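Me: I'm new to this one, and I'd like to go through it slowly. Can you help me read it?

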Amino acid sequence: MTEQGRKSGAAWGAVGWGVGVLALLVALPLAASGRLPDRLATHWEAGSGRPDDSMPLWAAALFPALIWGVLAFGVVLTLRRAGAGRGVPGWAAAGLGFGGVTLLGAQASVVRANLDRADWHEAGSVTSGVVGTLVVAAAAGAAGLLATRRAPDEPRPATDGPTLDIPAGQRVVWLARTSNSWLHALAALTGLLAITAVVSALAGLTDLPFLLAAAPFAFASLLVLGCSSVRACVGERGLDVAFGPFGWPTRHWAAEDIESARVENRTPAQVGGWGYRLSGLGTTVMLRGGECLVIHPSRGREFAVSVDDAERGAALLNSLSARHPS
């Protein structure tokens with residue numbers, strides 16, 4: 001999948017986040033309706049922490065969802081005016097991350113404060129929930145900003161062929177990216193399941209064992225997200241392969257440690273599936289079937305990564321490794 005595929009995956013991830021947050025905001029108070037008063041405390045005095053305003057249950061469910069809908073619509077409208085083909089910029093990802101977590105945390109705090117109360121005047125405090133929510137929301141916004149930071153445009157070698165003549169004193173860099181929208185979707189799904197478990201527990205609707213169930217979903221989401229996109233860079237230092245939207249973790253091979261590089265067509269069936277695969281062919285980062293950059297290190301097994309324009313990357317690696325004979 002090309003750079004356009006990466007942008008498409010990011011866009012679908014934003015859509016999944018938007019729909020998931022909207023569903024949770026509405027479903028959370030409705031799921032607890034049997035344990036909530038007819039009216040819910042929705043505002044607390046800053047000094048005393050006592051509730052001083054309320055809403056009917058239906059309004060408490062729909063009002064945060066309406067705020068989220070307006071926020072998401074504003075982001076979409078701004079992006080459409082700015083140009084639809086540019087992916088999701090950092091400010092949009094940061095805003096959606098911060099806004100979504102803030103509203104979810106606030107809704108969970110409201111439900112928990114009103115849970116099992118006969119009247120909204122008896123609702124508990126939400127101070128700790130609000131503070132914790134703002135901390136997590138700030139982290140989510142920062143993560144969104146980092147995940148969508150723009151990489152520099154991809155330099156291309158000036159010539160084609162299996163090897164390149166690099167003039168003395170000049171440096172040539174080759175970059176390639178690949179992403180898999182299906183893996184992005186799977187990461188989003190498992191991530192939303194983890195968020196659902198956490199928010200339900202914070203709202204007091206579930207107990208500790210259910211909260212612990214969020215851990216494997218969160219781990220699966222991070223693991224799949226890390227294998228859903230890859231960036232390969234060939235330069236004077238050799239080959240660097242960075243994983244996931246944050247460009248971490250990374251693997252590095254020095255040019256002098258690479259005996260040869262080539263292009264090879266591989267399929268998921270050959271290497272045992274999608275993502276980071278270990279097989280008889282060595283290690284393969286399989287995000288789409290077809291052209292792969294394959295290196296043969298002087299130590300260890302072969303490593304392959306499915307990226308476009310792999311022939312140029314292999315040619316540059318062969319030229320660089322020839323400068324450093326082992």
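Me: Which backbone oxygen does the side chain of Arg288 reach at 2.8 Å?
Reply: In this predicted model, the side chain of Arg288 reaches the backbone oxygen of Val307 at that distance. The side chain of Arg288 also reaches the backbone oxygen of Glu291, at 2.7 Å.

Me: And where does Arg288 sit?
Reply: Arg288 is placed in the loop between strand S9 (282–286) and strand S10 (290–297), where strands are DSSP runs of E with at least two residues, helices are runs of H or I with at least four, and both are numbered from the N terminus.

Me: Is Arg288 buried or exposed?
Reply: Arg288 counts as buried because its relative accessibility is 12%; buried means under 20% relative accessible area, exposed over 50%, and partly exposed in between, with a 1.4 Å probe and protein chains only. Across the chain, buried residues make up 43% of the 326 residues.

Me: How are residues numbered, and what gets counted?
Reply: Numbering starts from 1 along each chain as its sequence is written, and side-chain values use heavy atoms, leaving out hydrogens and water. As the model is predicted, local features need pLDDT of at least 70 and side-chain atom pairs count only at pLDDT 80 or more, whereas totals for chains, interfaces and linings use all residues.

Me: Where is confidence lowest and where highest?
Reply: Among the elements, helix H6 (residues 208–212) is lowest with a mean of 76, and strand S11 (residues 303–305) is highest at 95.

Me: How many helices and strands are there?
Reply: The chain has 9 helices and 11 strands.

Me: Back to H6: what about Leu208, buried or exposed?
Reply: Leu208, which lies in helix H6, counts as exposed because its relative accessibility is 54%.

Me: How far apart in sequence are the residues that touch?
Reply: Among contacts in the chain between residues at least 6 apart in sequence, 64% join residues at least 24 apart.

Key. pLDDT is the predictor's confidence in each residue, from 0 to 100. Contact means heavy atoms within 4.5 Å. A polar contact is a pair of N or O atoms within 3.5 Å; within protein, one must be able to donate a hydrogen and the other to accept it, and residues adjacent in sequence count only if both atoms are side-chain atoms.
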